[in-house]
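The following note sets out several points for a colleague who is reviewing this model.

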Amino acid sequence: MKKRVVRIIIILIIVLIALVGIIWAAAGPVAKYVVNNYGPNLVGRRMSVEKVAVNLLAGKVRVEKFDLREQNDSASFVSLNELEVKVNLWKLLGRTLQVNNLRFDKLDAQILQNGSEFNFGDIIDHFAADSTAQDSVQSESEPWIIALNNIKFDQGHVRYHDQKLDAQLGMENINLSIPALYFSSQKSDVDLHFNFEKGGTLSTRLAYNMEQGDYSLFVELDSLNLEALRPYSEQMLNITNFAGALSAAIQLTGNLNHIVDFRANGTVDAADLKADDLQGVQLARVDNMHLELKELDLLEKRCLFDNVTMSGAYARVELDREGNINLAQILKPSSDTTATESATESSESTEDNNPFTLKINKLNLAGIAVDFTDHSMRQQFKYSLSDIALRSHNFDIAGTNQAIISARLNKTGRANIVWNGTLYDLKDQKLKVNIENIRLTDFSPYCYEYTAYPLTGGNMTFVSDNVVSNSRLSSNNHIDVYKSTAGNKDKSYKAEYSNIPVRLGLYLLKDMEEHILMDIPVKGLLTSPEFSFRKIMLKAVGNAILKVVASPFIFLQGDKGNSLHDIAIDPLQNTFTTQQYESFNVIVDALKAKPELHIALLQYVNEERLQTPFEEMALKRDYHNSKTEKATDKLSHSDTERIAQLSYSDAELDAFVNQRLIEKGLAADTIASLSDKRHTLYAEQSVMHINFLKQSRNKAIRDYFLQQGVADSLITIDNAEDKTIYKGKDRYIIEVGLGDETVSLNPEAQNSLE
């Protein structure tokens, strides 16, 4: 863009000087006639002039009301109110064109661009037609010396219109002053000042050595309305409604023969910057930004700032269903793949090992807000960060730095972060995070996504101390959760960690003051593609929940609870031992400490294994009663034990069994063995006895809990409903429930997150 503007200015000056030469040669009325009638021959276009005044002795020409038309004569291309030129005629004899005065008054120009074509292309072609012949003549003679002095543009107006992009940029009140324009080793001074039509002013002071290419340029930009640049920004970025004001005061020194060999310093200020996305929703905003540039040297790869300040800013960050972040989609992809690849190859070929130096003496960002939305999960997550502040002193991108960050989280929480490290090498870092009073319900979508449970209440404080050494993370994390609650599990959704009983686990983890205190270490290799801090934390919390649910009595009562998952029993007992009562007491204490719990004791008895001894006992008792005058079915425990110790011969028992079978009308001789005969007589009675003992134990346990003040609604004592034949140990297996969520404490049913 700059090269095009310079080219346009040079073309205009050449055309106008050529016209002045014609006018000077032809003098007043004749020159006017030539200009008005032979414009197409002279410059390829029609032109007109109202008055021409020539003073041959003084070498002075004044032109009034000059107009150069567009190629199709539809509008004015360049017009001016007055052009005054004063030439030293005597210098011409020495092949020197010395212009002592060149003044343009109210020059008005319209520059149109359509792709690579400009509305002055035909003029270039017209003058280029004779360039070969002119070069041939010049090569055979000594070159002319050109000296232009006291060049002035007063109250000029230039309109630029990119028709392809429909971009317009207007510059008015253009005032250009060049005391002397030298084409030698002397420096030319150029002062330029103009206003932008849509707001803002630009002033420049340039000292330029045309022969050597050295320059010193001071640029002062005041409140440029960036809306004028919107069509260009939209070509590169997926944004709309780009606006704001930009001011700058920059001093540059360098050499045009080596574009990157320059040094710059100064200040840049921006205010009310804003941009919307393609849907017209605000994407980002910056209220005020101030940069104090101490030194910028691209050749030395050095950028030094005294101060970088930002106050008031906003960004809207969103993740789509595929997890793509919207800010990464702002930059439009380049359509020229070849050019991109070429640039990449060029960059790689010129790459050196010297890092770019970036230093900021004072970095202070404040009043920043971010709205974050995650659409990648089943439930949308929205979160707002406000009052974000970042402070750092003596920041060095290649050195070790400290940055302090603070923010308000969704209006209720606060975050304070201290970072120590370097951006050039992320292998070694330190990060301390302190987050206070955040609402757990805000993060319910994440809990639901991974566990199928929604979070319905609670606040959390999170303290994390992280050290990265050679890309290995060692993180100590302390979590304090207060009054946390979770809703019912969505059983229709199979989440990644749906085996975590979140609701029950949170309830069990609470202490007497409804706090959950957890210390979670995290370790991992950051360079591993499988590494995810979020997933590691989730697994750690999930395993903690699984652990406390698997052994709630240990957690609630320490060693007193022991590893209580079940209570072993003797299937023949109808009273309990002191050890069994101690287990009951542990459960009683747990129910009193956690009154919302529901505990079930499910009795598992290997009845198949009991059938034979119970049939033998029934036969001995029946045979014993047949020999006793006072027979009874109700025997004391001591009588039962005594009868069990009695020893009878198989012959005696077989004869007795045959007699009983006959009494019941059964054919004893059709049953071969004593065990089969015994089973025929006493199988039903044994089952009834086994069930009687089971029910007696259940009743005794229920009565004991009621005596200890445990409501009947909090405890379930029942026989296990096992559709298969149970062949395990005789015991009561404990189940713990909260609402409709029940977890068995049977160790065989427990698992953890991999």
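Is Arg702 buried, exposed or partly exposed? The first point takes up this question.

1. The model is a predicted one. Arg702 has a relative accessible area of 27%; because buried means under 20% and exposed over 50%, Arg702 is partly exposed. Arg702 belongs to helix H17. Leaving aside residues up to four places away in sequence, Arg702 touches Asp712 and Ile717. The C-alpha atom of Arg702 lies 9.9 Å from that of Leu601, although 101 residues separate the two along the chain.

2. As to the overall make-up, the protein chain holds 17 helices and 28 strands. Of its 754 residues, 41% count as buried. Considering contacts between residues at least 6 apart in sequence, 60% join residues at least 24 apart.

3. The largest nonpolar core comprises 141 residues. Phe553, Ile587, Leu601, Phe705 and Ile734 have the most contacts inside this core. For Ile734, the residues touched, not counting those up to four places away in sequence, include Phe553, Ile587 and Leu601. Others touched by Ile734 include Leu564, His565, Asp566, Val743 and Leu745.

4. H16 (residues 650-663) and H17 (residues 674-707) pack at an angle of about 45 degrees, and their axes are 10 Å apart. The two helices, H16 and H17, are therefore oblique to each other. Their crossing is left-handed. On the H16 side the contact is made by Asp650, Leu653, Asp654, Phe656, Val657, Asn658, Arg660 and Leu661. On the H17 side the contact is made by Leu674, Lys677, Arg678, Thr680, Leu681 and Tyr682. Sorted by class, the contact of H16 with H17 has 7 nonpolar, 2 polar and 5 charged residues.

5. Why is helix H9 described as largely enclosed by the rest of the structure? In H9 (residues 444-451), 8 of the 8 residues are buried, so the helix is largely enclosed. The buried residues of H9 are Ser444, Pro445, Tyr446, Cys447, Tyr448, Glu449, Tyr450 and Thr451. The elements covering them include strands E16 (357-374), E17 (381-396) and E21 (455-469), together with helices H10 (502-509) and H11 (533-550). Just after H9, Ala452 takes a positive phi of about 75 degrees.

6. Two of the elements that cover H9, namely H10 and H11, also pack against each other, at an angle of about 75 degrees and with axes 9 Å apart. That angle makes H10 roughly perpendicular to H11. From H10, Leu504, Gly505, Leu508 and Leu509 meet Ile545, Val548 and Val549 of H11. By class, the contact of H10 with H11 has 6 nonpolar, 1 polar and no charged residues.

7. Ser471 is placed in the loop between E21 and strand E22 (472-486). With a relative accessible area of 10%, Ser471 is buried. Beyond residues up to four places away in sequence, Ser471 touches Lys427, Gly524, Leu525, Leu526 and Thr527.

How values were computed
Residues numbered from 1 in each chain as written. Predicted model: local features only at pLDDT ≥ 70, side-chain atom pairs only at ≥ 80, totals over all residues. Heavy atoms only, no water. Core = buried A, V, L, I, M, F, W, Y, C linked by side-chain atoms within 4.5 Å. Buried < 20%, exposed > 50% of the residue type's maximum accessible area, 1.4 Å probe, protein only. Contact = heavy atoms within 4.5 Å. Axes fitted to C-alpha atoms, helices over the stretch in contact; angles between N-to-C directions. Helix = DSSP H or I, 4+ residues; strand = E, 2+ residues; numbered from the N terminus. Parallel < 35°, antiparallel > 145°, perpendicular 65-115°, else oblique. Left-handed = near helix turned anticlockwise from the far one by under 90°. Nonpolar A, V, L, I, M, F, W, Y, C, P; charged D, E, K, R; others polar.
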